[in-house]
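This report describes one protein model, from its overall form down to single residues. Please keep the sequence and the structure in view while reading.

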Amino acid sequence: MKILITGCRGQLGTELQKQLAAEGCVLGPLPDRLRKATVIAVDVDELDITDREATVTYIRRIQPDTVINCAAFTNVDGCETNRDAAYRVNALGPRNLAMACEKINARLIHVSTDYVFPGAPKGGVPLDECATPAPISAYGQTKLLGEQYVQRFCRRHFIVRTAWLYSYYGKNFVKTMVNLAKTHDRITVVNDQLGNPTNAVDLAYHILKLAVSHDYGIYHCTGTGICSWYDFASEIIRLSGLPCEVVPVTSAQYKAMNPKSADRPAWSALENRALRCSVGDEMRPWQDAIEDYFKNWDGK
């Protein structure tokens, strides 16, 4: 099997390569069809997915069986101030990949986000794949358009929505909190935005399970359990052992302190229903996953 990974130097792209090389992870071995898979990993320097002709030409030449698109403009605040860049990477990029994959009958696994939802709580019920998207930020809007392009232009597609992703690689909320705690006695974190922290190990493992299935469609894939950013930060600081106080603030208070920040959904907790009803949901409780992260993290 030949797999092309775009955005290979990001959190998820790096973890996917690690698991494919090791043929498994802490959650278990990979499916047999992925053993000895040929992996081609590219980032923007090797393939600019916003260039349609270059993307079609590259994929026609490489002839992958599956493309996993991890490339994205994920700076939520940055998307507000640079909407053209967000549109090119988050919408046109997936469109170009979808068109290229369709031409050679390859599968496309496109990674999306909980930010496609507006964030209005509905009785505290997690959002499953039947929920109607209505993003409130440029990031969410461009990611939703990317989903729609994938659905329109590639028949053999998987759209995998995840949330609050962290890993051993790159920048993420966990590392930010730890680095702040090293230099501050107290940090403030919003306590009225709720969702699902997701370890990239768990996400990559389930994406690779989907890669050998024929259960095409939309999936939610997040850690089990719901918490606020404040809850998550408090657990991170506790596990780090650093003497730092975590202080809760409301989204309104945070917005007042950071007026140029993008609006974020107050409720983006997802339900992994499609995953559970197809290849199986082995995502760990978010508390277990972050504890395991600290046991294996080198602190860098």
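## Overall form

Of the 300 residues in the protein, 54% are buried, where buried means under 20% relative accessible area, exposed over 50% and partly exposed in between, with a 1.4 Å probe and protein chains only. The model is predicted: local features need pLDDT of at least 70, side-chain atom pairs count only at pLDDT 80 or more, and totals for chains, interfaces and linings use all residues. Residues are numbered from 1 along each chain as its sequence is written, and side-chain values use heavy atoms, with hydrogens and water left out.

The protein contains 11 helices and 14 strands; these are DSSP runs numbered from the N terminus, with helices (H or I) of at least four residues and strands (E) of at least two. Its radius of gyration is 19 Å, which agrees with the value near 19 Å for a compact globule of 300 residues. That radius is taken over C-alpha atoms, and the globule rule is 2.2 Å times the number of residues to the power 0.38. Along the principal axes, the C-alpha atoms fill a box of roughly 55 × 40 × 40 Å. Among contacts (heavy atoms within 4.5 Å) with a separation of 6 or more, 84% join residues 24 or more positions apart.

## Helix α2

Which residues of helix α2 (residues 52-62) are buried? They are Thr 55, Val 56, Tyr 58, Ile 59 and Ile 62. These residues lie on the same side of α2, because they cover an arc of only 165 degrees around the axis; the arc is that of the directions from the helix axis to the C-beta atoms. An α-helix has 3.6 residues a turn, so residues three or four places apart point the same way. The buried residues of α2 pack against β1 (2-6), β4 (38-42), β5 (66-69) and α4 (83-104).

At the start of α2, the backbone nitrogen of Glu 53 is within 3.3 Å of a side-chain oxygen of Asp 51. Such a polar contact is a pair of N or O atoms within 3.5 Å; within protein, one must be able to donate a hydrogen and the other to accept it, and residues adjacent in sequence count only if both atoms are side-chain atoms. Just after α2, Gln 63 has a positive phi of about 55 degrees.

## Aromatic pairs

The structure has 15 aromatic pairs. Rings of Phe, Tyr and Trp (its six-membered ring) pair if their centres lie within 6.5 Å; planes under 30 degrees apart count as stacked, over 60 as edge-to-face and the rest as tilted. The pair of Tyr 149 and Phe 153 is tilted, because the planes are at 35 degrees, with the ring centres 6.1 Å apart. Both residues lie in helix α5 (residues 138-153), 4 residues apart, about one turn of the helix. Tyr 149 is buried at 17% relative accessibility, whereas Phe 153 is partly exposed at 26%.

The rings of Phe 173 and Trp 229 also form a tilted pair, with centres 4.7 Å apart and planes at 55 degrees. Phe 173 lies in helix α6 (residues 173-183) and Trp 229 in helix α8 (residues 229-240), so the pair ties together parts 56 residues apart in sequence. Trp 229 is buried at 13% relative accessible area.

## Thr 198

Thr 198 lies in strand β11 (residues 198-199). Is Thr 198 buried or exposed? Its relative accessible area is 0%, so Thr 198 is buried. The side chain of Thr 198 reaches the backbone nitrogen of Gly 223 at 3.2 Å.
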